[in-house]
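Me: I have a new model open and I'd like to learn how to read it. Could you take me through a few features?

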Amino acid sequence: MKKIFFLTAIVLSFANLSFADCDLKSKVEFTEPRIFAPLKGSNATGGFAKIKNNCAEELELSLKSAEGFKAVESHITVEEDGRMAMKKTDSFKIKSGETLELVPGGKHLMFFDPQVVINEGSEVKLVFSLNKKELTVPFKIVSRTKK
Amino acid sequence: MNPQKGALLTLRLFMIVITIGTIYFGFTIWKTANGPTSGGDFTLTYRGQGWTFSSQPKKLNLLYFGYTKCPDVCPMSLSYAGDAFRMLKSDELSDVRFLFLSVDQAHDKPNDVADYAANFFPTFIGLSGSKEQIDKTIGLFPASYVLEENPKSYLGYSISHTDRIFFLNSKGVVIDSISGSKEGSDSIYKKIKENI
């Protein structure tokens, strides 16, 4: 019994170490991280990216803050009774080796009430929590509309 | 009764029945093909001023229901529509307009709605109204919206709404529709060309 307990403790400690060893900066890939430039007449805008988890562990990702915005949230767009609805979620889970796709019309990030002028072409630093470790990622501000 | 007269009467009755049957059958087919009609004239506000659909209707009028704080589906639909309008020639543009009606009467200010719609194409018309006007207008169409309280979110609410662009003729009658956010600008452009 003691042996089993001891082995379990060793396995668990290695599991912890494997995540602790996972370098978020190099192991979590953000592709095309972007936020649509806020539009006149609205205080809300959306952010998108593909996020690949190359860590050995499943990651629980939540958006904590975005430079220049008063509030941030994570949302999922769903269709209910023929209507499109937005559902707030606290976090997204990404299994090891899998990619979370934040896309218009699906899972996405939301940004409210810009506190400064946020121009197209600039970058905004987003702070994520990944299994309770922080990761800062720059998101590019892009235009939603064609000129 | 003269058998010849009797036969003639029977033939006449038969012809009447056939004629009535053909008319009824034709009407039923026409009705089925055209589907139930929806739409009509409606009055709202544009930048706080009264605005009536029938005052300056275009040959083709596109109508979408949403709200300005909707960060995903509405701007996606409006940007697709804006891209479709950019594909039109100037003579086509003079026959078509896009109407965006905000169903968020409690939070969307008339000027914000107008500014918001114009972000996507300069001639897009952002409409507001009283709750009665909005509800009366949306009731004319196969559309709906539901305001859901959500105290855990920053806005404190969200609005689920129909995601369709309705194509209206000059009388405001729906002649076609398409998903706003799912089909893309090419499909909207194609529908405009088909209906203009």
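Reply: Start with handedness: a crossing is left-handed if the near helix is turned anticlockwise from the far one by less than a right angle, and right-handed if clockwise. The crossing of H2(B) and H6(B) is right-handed. This is a predicted model, where local features need pLDDT of at least 70, side-chain atom pairs count only at pLDDT 80 or more, and totals for chains, interfaces and linings use all residues. Residues are numbered from 1 along each chain as its sequence is written, while chains are lettered from A and ligands numbered from 1 in the order in which they are written.

Me: At what angle do the axes of H2(B) and H6(B) cross?

Reply: Two packed helices are described by the angle between their axes and the distance between the axes. Here helix H2 (residues 73–87) and helix H6 (residues 185–195) of chain B have axes that come within 8 Å and cross at roughly 55°. H2(B) and H6(B) are therefore oblique to each other.

Me: Which residues of H2(B) and H6(B) meet?

Reply: Contact asks for C-beta atoms, placed from the backbone, within 7 Å. Tyr80(B), Ala81(B), Asp83(B), Ala84(B) and Met87(B) in H2(B) meet Ser185(B), Ile188(B), Tyr189(B) and Ile192(B) in H6(B).

Me: How many residues does each chain bring to the contact between chains A and B?

Reply: Chain A gives 26 residues and chain B gives 30 residues. On chain A's side, S5(A) has the largest share, five residues.

Me: What does S5(A) join in chain B?

Reply: Strands pair if DSSP finds at least two bridges between them. Two bridges link S5(A) to strand S7 (residues 157–162) of chain B, and the strands run antiparallel. Arg83(A) stands opposite Thr162(B) in S7(B).

How values were computed: Two residues are in contact if their C-beta atoms, placed from the backbone, lie within 7 Å. Helices (H or I, at least four residues) and strands (E, at least two) are DSSP runs, numbered from the N terminus. Axes are lines fitted to C-alpha atoms, for helices over the stretch in contact, and angles run from 0 to 180 degrees between N-to-C directions. Angles under 35 degrees count as roughly parallel, over 145 as roughly antiparallel, 65 to 115 as roughly perpendicular and the rest as oblique.
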